[in-house]
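The following note sets out numbered remarks on the structure shown below. Please read them with the coordinates at hand.

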Amino acid sequence: MDLFTGNRKIEWNALFQFSQLSKDCQSHLKRVYSCLAMCMMAAAAGSYVNVVLQFLQSQFLTAIATFGLLLWLRVTPQTHDNNGKRLSILLGFAFCMGISMGPLLSVVADIDPAIITTAFMATTVVFVCFSLAALMSQQRTMLFLGGPLMSGLSIMFFMSLINIFFGSTRILQMALYMGVVIFSGFILFDTQLIVEKHSHGDDDFIWHSVDLFLDFINLFRHILVILAQNNENKNRRNRRN
């Protein structure tokens, strides 16, 4: 009855309490998400450099630099003295990822610049909601998603490969929407995997942030293309009418 009489108070703070996580794990996650925030700023800077200043046009060179930095980060030992160096490598990797997105952002901006903001906000909402859902789970129930998600990635790859020869818009859209579902699932999976790894002594917060950063970027790309396609289709219908 208190719920209907208005006497019952809703504890909003309970939404952000993770009593099932140890204090050490919560501290680890704070470092992970701090690195993730820095990665997002570095990627934004890279995108700005490519779109506005036309700093680097060669996607091949960007891909080599991105892969090289990721490999360098992976092989650099995790020690207290190396944290600054590894963080610099991480930010360089994120910067290159931002540069690689420059051409796509330029195309979308020509259609409607507001699409980029909308896609980023939508991606952020999905990321936050799925991350909270994973962290609030009392058990690591999302870890079983690993197999199906990898299978989904394989299906997406083969769909894209097949579509090179057929050029079907329908197959492309199916792959895009499937990508949104898959990378949303990876947010759940990777978040709980980070917690599970930490519980087994893996406290490499810099490398853990890479997984979440890639999840965010891939989800953003798929949402961005979907919104751009929908906007372009709407403009075509309006021109016909």
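1. R86 counts as buried, at 2% relative accessibility; buried means under 20% relative accessible area, exposed over 50% and partly exposed in between, with a 1.4 Å probe and protein chains only. The side chain of R86 meets that of D204 in a salt bridge, at 2.9 Å from N to O. D204 likewise counts as buried, at 10% relative accessibility. The criterion for a salt bridge is a side-chain nitrogen of Lys or Arg within 4 Å of a carboxyl oxygen of Asp or Glu, and by this rule the count comes to 1. Because R86 belongs to helix α4 (residues 83–100) and D204 to the loop between α8 and α9, the pair ties together parts that are 118 residues apart in sequence.

2. The basis of these remarks is a predicted model, in which local features need pLDDT of at least 70 and side-chain atom pairs count only at pLDDT 80 or more, while totals for chains, interfaces and linings use all residues. Residues are numbered from 1 along each chain as its sequence is written, and side-chain values use heavy atoms, with hydrogens and water left out.

3. As to the overall architecture, the chain has 9 helices and 0 strands, in the order α-α-α-α-α-α-α-α-α along the sequence. Helices (H or I, at least four residues) and strands (E, at least two) are DSSP runs, numbered from the N terminus. Of the 241 residues, 37% count as buried. Among contacts with a separation of 6 or more, 83% involve residues 24 or more positions apart; a contact means heavy atoms within 4.5 Å. The chain exposes about 14,100 Å², of which carbon and sulfur atoms supply 65%; accessible areas come from the Shrake-Rupley method with a 1.4 Å probe, and for residues only the protein chains shown count as cover.

4. Helix α7 (residues 146–166) comprises 21 residues and reaches 30 Å from its first C-alpha to its last, close to the 30 Å expected at 1.5 Å a residue; the expected span is 1.5 Å times one less than the number of residues. Which residues of α7 are buried? They are G146, L149, G152, M156, M159 and N163. Seen down the axis of α7, these buried residues fall within an arc of 145°, so they line one face of the helix; the arc is that of the directions from the helix axis to the C-beta atoms. Their cover includes α8 (169–199) and α9 (205–240). I164 and F165, on the other side of α7, are exposed. Just after α7, G167 takes a positive phi of about 60°.

5. The structure holds 7 aromatic pairs. Rings of Phe, Tyr and Trp (its six-membered ring) pair if their centres lie within 6.5 Å; planes under 30 degrees apart count as stacked, over 60 as edge-to-face and the rest as tilted. The rings of F93 and F213 have centres 6.1 Å apart and planes at 70°, so this pair is edge-to-face. Since F93 lies in helix α4 and F213 in helix α9, the pair ties together parts that are 120 residues apart in sequence. F93 is buried, with a relative accessible area of 2%, and F213 is buried at 0%.

6. The rings of F183 and F186 have centres 6.1 Å apart and planes at 35°, so the pair is tilted. Both residues lie in helix α8, 3 residues apart, about one turn of the helix. F183 and F186 are both buried. Elsewhere, F120, F127, F216 and F220 form one aromatic cluster.
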